[in-house]
Amino acid sequence: MKPHLFKHFALELRGLLFYCASWIVLAIVVGALSGSASAFFLWALDQCTNTRLAHPWLLALLPLAGFAVAWIYLKYGTSVEAGNNLLIDEIHDPKKMIPLRMAPFVLGGTLVSHLFGASVGREGTAVQMGGALADQLTRVFRLTQENRRILLMSGLSAGFASIFGVPLAGALFGLEVLAIGRLRYEALFPCLIAAVAADQVCLLWGAHHTHYVAGVIPALSVWTLTATLIAGALFGLAGMAFARSTHALTAALKHVFPYSPMRALAGGATFALVMWATHADRYLGLGVPVIVESFQHPILPWDFLAKGAATVWSLASGFKGGEVTPLFFVGATLGNVLAPLMHMPIGLFAALGLVAVFAGAANTPIASAVMAVELFGGEIGVYAAAACVMSWLFSGNTGIYKAQRQGDGKWRHRHTLPAPDADPKD
């Protein structure tokens, strides 16, 4: 090797080693912070859920709880109210540090929502805590704007990975959620390290994740793949309906109730009254028991519609939490309904629905397919990929995260026929 080539190689190697060492340290710190926060959140969430189940009358206090949380956000938390969308906006266009108060605000707001029965999730809380805690390292290490973007993406990945126990999907989620049809590969290494570290730290704290069993996965055939593609398209339409309904109802309620505490009060009162009158306790909170049930035997055919409506109303009213676990509920129960219609195993279609509706609603097909493999094993891989990609294609160009940008899009329509007034010889 010539001396100048050796010198160039040595410089490249030194730069690469410094890059790896630096981001390993930063990503592990992010993962440790996020994993610890998620472990505490999961423990506290269990306590709140168990308390609500033991005292059903707490649902009657949901309107007052919503009013209190909305008032606190209005008074002290307007800078962090945008939640996940604020994090995505800051990654695209960095302007100012994410206030540390985002973490305790969203944590407290979500726990209150679950304690009193709102139909919300938990992903938003974990992602916001991960992003807010990660951004505090920007000043400590005097990071550039570009490195700050990568740090925030690592926080998103760490939060998602630790709350669901899916490190590989979490790493991809931080890269994929920012723009439709585009991945940010420059953050792949930090996001992977942060996601794995967060998941391991969360487990070391003794956190437990729900275990779903898809059952026997049938051999791939023309019909099983066709049925999966058809179901994937329906999952995508369900995801699109959820996202668009949430945005539309949120705008409508803001117009009717410009004062956010009153919106939460009225929305919470309406929700509590409907749930009480219809004895619809199965749609309160996360709904994990119903998700587990959907893998085992046929359930109520309207479960996915009822849970979707309950969550859309809760989120539009201003209750904190997230959309992902309710989307798991919607997908798993919809898959449960579709399975016998297509002569497919209930467990398989519940599993596919669980990940595919989320894939369409969040525009994250790759992360969702990988999540399926992490949750259900490698045998489901082809089915999960097919369902998630179809869901993504059929879910439109909007999603649950309004700050998500348009990257390269999903598909491009090319005219293969000449225009009516064109010369056939042209």
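**Helix packing, core and aromatic pairs in a predicted model**

At a relative accessibility of 37%, A252 counts as partly exposed (buried means under 20% relative accessible area, exposed over 50%, and partly exposed in between, with a 1.4 Å probe and protein chains only). A252 belongs to helix α10, residues 222-256; helices here are DSSP runs of H or I with at least four residues, numbered from the N terminus. In sequence A252 is 64 residues apart from A316, and in space the two are 8.7 Å apart, C-alpha to C-alpha.

The model is predicted, so local features need pLDDT of at least 70 and side-chain atom pairs count only at pLDDT 80 or more, while totals for chains, interfaces and linings use all residues. Residues are numbered from 1 along each chain as its sequence is written, and side-chain values use heavy atoms, with hydrogens and water left out.

Two packed helices are described by the angle between their axes and the distance between the axes. Helix α8 (residues 167-176) packs with helix α16 (residues 365-376) at an angle of about 175°, and their axes are 8 Å apart. Axes are lines fitted to C-alpha atoms, for helices over the stretch in contact, with angles from 0 to 180 degrees between N-to-C directions. The angle therefore makes α8 roughly antiparallel to α16 (over 145 degrees; under 35 is roughly parallel, 65 to 115 roughly perpendicular and the rest oblique). On the α8 side the contact (heavy atoms within 4.5 Å) is made by P167, L168, A169, L172, F173 and E176, and on the α16 side by P365, I366, A367, V370, M371 and E374. By class, these residues divide into 10 nonpolar, no polar and 2 charged.

Leaving aside residues up to four places away in sequence, L352 touches T228, F235, I380, Y383, A384 and A387.

The whole structure holds 14 aromatic pairs (rings of Phe, Tyr and Trp, the last by its six-membered ring, with centres within 6.5 Å; planes under 30 degrees apart are stacked, over 60 edge-to-face and the rest tilted). W71 and Y76 form an edge-to-face pair, at 6.3 Å centre to centre and 80° between the planes. W71 is partly exposed at 36% relative accessibility, and Y76 is partly exposed at 46%. The ring centres of F164 and F328 are 5.3 Å apart with planes at 55°, so this pair is tilted. Because F164 lies in helix α7 (residues 145-164) and F328 in helix α14 (residues 324-341), the pair ties together parts that are 164 residues apart in sequence. F164 is buried at 8% relative accessibility, as is F328 at 4%. Ring pairs also link F160, F164, F173, F328, F358 and Y401 into a cluster.

Finally, two backbone angles deserve a look. Most residues other than glycine have a negative phi. R142, in the loop between α6 (137-141) and α7, has a positive phi near 50° and is exposed, with a relative accessible area of 77%. N363, in the loop between α15 and α16, has a positive phi of about 60° and is buried, at 1% relative accessible area.

Technical notes: Helices (H or I, at least four residues) and strands (E, at least two) are DSSP runs, numbered from the N terminus. Ala, Val, Leu, Ile, Met, Phe, Trp, Tyr, Cys and Pro count as nonpolar, Asp, Glu, Lys and Arg as charged, and the others, Gly among them, as polar.
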